[in-house]
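Welcome! Please take a moment to look over the sequence and the 3D view, and then read on for a guided tour.

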Amino acid sequence: MAFLGTLAGIWFSLLIAFIGVFVVLGAAMASSVGSKTTKIEKGSVLLLNLAGEISDRPGSIDIMGALQGIDTEKKGLNEIVGAITNAAADDRIKGIVIDCQGSSAGLAQRQAIVEALNKFKTDAPEKWIYSYGDMYTQGDYYIASVCDSIFLNPIGQVDIHGLSSTTMYFKNLMDKLGIEAQVVKVGTYKSAVEPFLLDKMSDASREQQQLFLDNIWKSVTSQIAEGRKVTPDTINAWADGFTFADATTTYIDNKMVDALAYRHEFDAKIMALTDKKKAEDIPYVEPATYCKDKDVNKKGNGKGANIAVLYATGDITDTEGDGIVASKLVPEILDLADDEDVDGLIMYVNSGGGSAFASEQIWEALEQFKSLTGKPFYVSMSDYAASGGYYISCGADKIFAQPTTLTGSIGIFGIIPNAHKLITEKIGVTTGTVKTNTNGNFPSLMEPMTEAQKAAMQSYVERGYDLFTSRCAEGRGMSQNSIKMIAEGRVWDGSEALKLGLVDAIGGLDTAIAEMAKELNVETYTISEYPTLKPKWYDALVEAGAEIKAGMVKDELGECADLYETIKRVKGMSTLQCRMDFITVSL
């Protein structure tokens with residue numbers, strides 16, 4: 001009876017949750033319909049609310065957040081940057097307020113916002129940028145450092161601590177479970193497989209991570225130092241201390257912030273700047289709303305050229321997934337090749353790679369675009385464009401990366417689990433196999449590979465590596481041997497990649513667009529984004545179910561949730577992988 005009662009309780013909870021989902025969806029759709037027409041009054045303030053997740057493009061409704069009364073939509077980096085850039089010349093916008101509440105974003109994404117804010121200051125020196133926060137996370141502070149003035153709650157915090165990356169190793173766990181990871185790979189630095197083979201970080205992995213972390217932090221500290229008018233050594237002194245524990249008055253003394261103010265006091269300052277009597281009357285406009293009023297994808301009259309921006313973000317898979325799915329992206333690329341209205345193509349890449357087969361199909365489709373059209377093809381790299389992410393990028397006429405971009409990782413591996421001990425010794429299940437040929441049941445989870453099978457797999461991986469490096473050599477105009485010298489699966493930051501010839505220039509998507517406009521010899525143009533975003537209500541419902549499940553898993557597993565997600569990703573991998581390490585570097 002207790003079991004049935006628990007089961008009934010679970011079903012009732014799910015029913016209530018889904019009723020809530022439908023209510024949220026209905027409200028969000030109604031809100032969306034009602035906000036299609038916007039009016040931005042003169043003297044408005046662009047409000048950049050740094051809370052929740054910032055994705056490359058506007059995300060679907062965040063059901064779990066909406067149910068908790070938090071943000072209902074993931075903010076799009078393209079809208080944020082577009083709004084900031086266009087607001088500089090918009091006489092309706094008086095200034096920018098950045099409300100720092102602890103956002104989640106990648107390093108290159110934050111760098112793109114910083115660049116847009118710096119350009120705003122250059123293009124509109126008469127306008128102002130202020131930020132306010134109760135507690136500045138390091139990532140939000142990086143963005144806020146551009147501001148004319150940084151305001152902090154009198155009992156708030158600023159947390160500056162530097163960068164780190166942590167890798168989880170599963171070898172001991174797998175030994176206890178009786179599972180062996182049978183790995184074949186090419187590349188000394190291809191450490192994506194190390195968590196399944198080792199119980200600690202290899203010297204090669206530590207070497208590459210230390211280099212790109214140092215380079216990325218150098219880039220970040222130099223930009224913060226420039227914004228705050230201090231030296232990079234000062235920033236490092238902050239990071240080596242415990243700034244979160246410092247008295248807020250010291251933040252002013254060391255130039256970390258400009259003023260201490262409660263929120264109502266900050267509101268009063270903005271009220272004075274906008275000639276308003278009440279805080280609720282301040283004419284704030286958020287980037288998403290601004291973009292509904294002004295077409296930020298047009299430069300001038302937009303008639304000079306049509307530049308297509310193709311978003312390739314997430315894991316690379318063959319036919320399924322919510323990232324870069326080859327079976328969907330390849331037709332999209334070929335359609336762009338047939339579109340006579342497209343004058344040039346920029347592929348925006350934010351991916352750590354995935355299926356080697358899918359990467360090759362996408363690479364070939366892009367080669368088709370080049371050969372069939374003769375039109376320029378650029379790549380703009382975001383946080384990651386590594387392994388398979390670099391594979392699909394290497395054929396571009398020009399490659400742009402941020403200093404904080406992680407790229408390269410030119411290498412290939414394959415993993416075939418052997419669960420013989422788990423099944424036979426741990427669980428006590430035995431099997432009987434009948435086959436017509438020696439390798440009739442290969443690959444098998446029930447028994448280890450033979451020496452002949454290992455040799456065949458190694459040959460298969462090496463052939464894939466040879467193809468990968470040849471594609472890179474062809475695309476970069478280098479010899480294959482030169483590529484192999486900087487390949488070996490090694491991950492490089494954008495600055496090092498520029499020195500090595502893996503990328504052509506430092507800069508974000510705006511830089512790539514500006515350079516393509518120069519090549520097309522136009523001063524006015526229109527940006528067309530692909531794939532087009534046409535979310536349906538049932539897509540949101542499916543995603544909501546996935547989010548509810550993910551939330552439950554995270555609540556139950558706690559710190560082990562990352563382990564669960566990693567194993568889940570490995571389970572869904574195709575045999576041959578062009579994938580970088582499971583590394584997350586965030587501010």
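Is K119 buried, partly exposed or exposed? K119 is partly exposed, because its relative accessible area is 41%; buried means under 20% relative accessible area, exposed means over 50%, and partly exposed lies in between, using a 1.4 Å probe and protein chains only. This is a predicted model, in which local features need pLDDT of at least 70 and side-chain atom pairs count only at pLDDT 80 or more, while totals for chains, interfaces and linings use all residues. Residues are numbered from 1 along each chain as its sequence is written, and side-chain values use heavy atoms, with hydrogens and water left out.

**The chain as a whole**

- The chain holds 21 helices and 22 strands; these are DSSP runs numbered from the N terminus, with helices being H or I of at least four residues and strands being E of at least two.
- Of the 587 residues in the chain, 50% are buried.
- Take the contacts between residues at least 6 apart in sequence: 75% of them join residues at least 24 apart. Contact here means heavy atoms within 4.5 Å.

**Back to K119**

- You can find K119 in helix α4 (residues 107-123).
- K119 and T85 are 34 residues apart along the chain, and their C-alpha atoms are separated by 7.2 Å.

**Aromatic rings**

- A pair of aromatic rings is described by the distance of the centres and the angle of the planes.
- Eleven aromatic pairs turn up in a search of the whole structure. Rings of Phe, Tyr and Trp (its six-membered ring) pair if their centres lie within 6.5 Å; planes under 30 degrees apart count as stacked, over 60 as edge-to-face and the rest as tilted.
- One of these pairs is W128 with Y130, which is stacked at 5.1 Å centre to centre with 15 degrees between the planes. W128 is buried, with a relative accessible area of 10%, and Y130 is buried too, at 11%.
- F170 and F196 make a tilted pair, at 5.6 Å centre to centre and 45 degrees between the planes. F170 sits in the loop between β5 (149-158) and α6 (171-177), and F196 in the loop between β6 (180-186) and α7 (203-228), so the pair ties together parts that are 26 residues apart in sequence.
- Both partners are buried: F170 has a relative accessible area of 6%, and F196 has 8%.
- Ring pairs also link W128, Y130, Y132, F151 and F266 into a cluster.
- R490 lies over the face of Y189, 4.7 Å from the ring centre. A charge sits over a ring if NZ of Lys or CZ of Arg is within 6 Å of the ring centre and within 35 degrees of the ring normal.

**Helices that pack together**

- How do α7 and α8 cross, and at roughly what angle? The axes of α7 and helix α8 (residues 232-240) come within 8 Å and cross at roughly 110 degrees. Axes are lines fitted to C-alpha atoms, for helices over the stretch in contact, and angles run from 0 to 180 degrees between N-to-C directions.
- That angle makes α7 roughly perpendicular to α8; under 35 degrees counts as roughly parallel, over 145 as roughly antiparallel, 65 to 115 as roughly perpendicular and the rest as oblique.
- On the α7 side, W217, T221, S222, I224 and A225 meet P232, I235, N236 and A239 of α8. This contact of α7 with α8 has six nonpolar, three polar and no charged residues. Ala, Val, Leu, Ile, Met, Phe, Trp, Tyr, Cys and Pro count as nonpolar, Asp, Glu, Lys and Arg as charged, and the others, Gly among them, as polar.
- Helix α12 (residues 326-338) and helix α13 (residues 356-373) pack at an angle of about 5 degrees with their axes 9 Å apart, and they are therefore roughly parallel.
- The α12 side of that contact includes L329, I333 and L336, and the α13 side includes I362, L366 and F369. The contact of α12 with α13 has twelve nonpolar, three polar and no charged residues.

**Backbone details to look for**

- Most residues other than glycine have a negative phi, and most peptide bonds are trans.
- The peptide bond from F442 to P443 is cis, with omega near -5 degrees, and P443 is in the loop between α15 (420-426) and α16 (451-476).
- K255 has a positive phi, near 70 degrees, and is partly exposed, with a relative accessible area of 45%.
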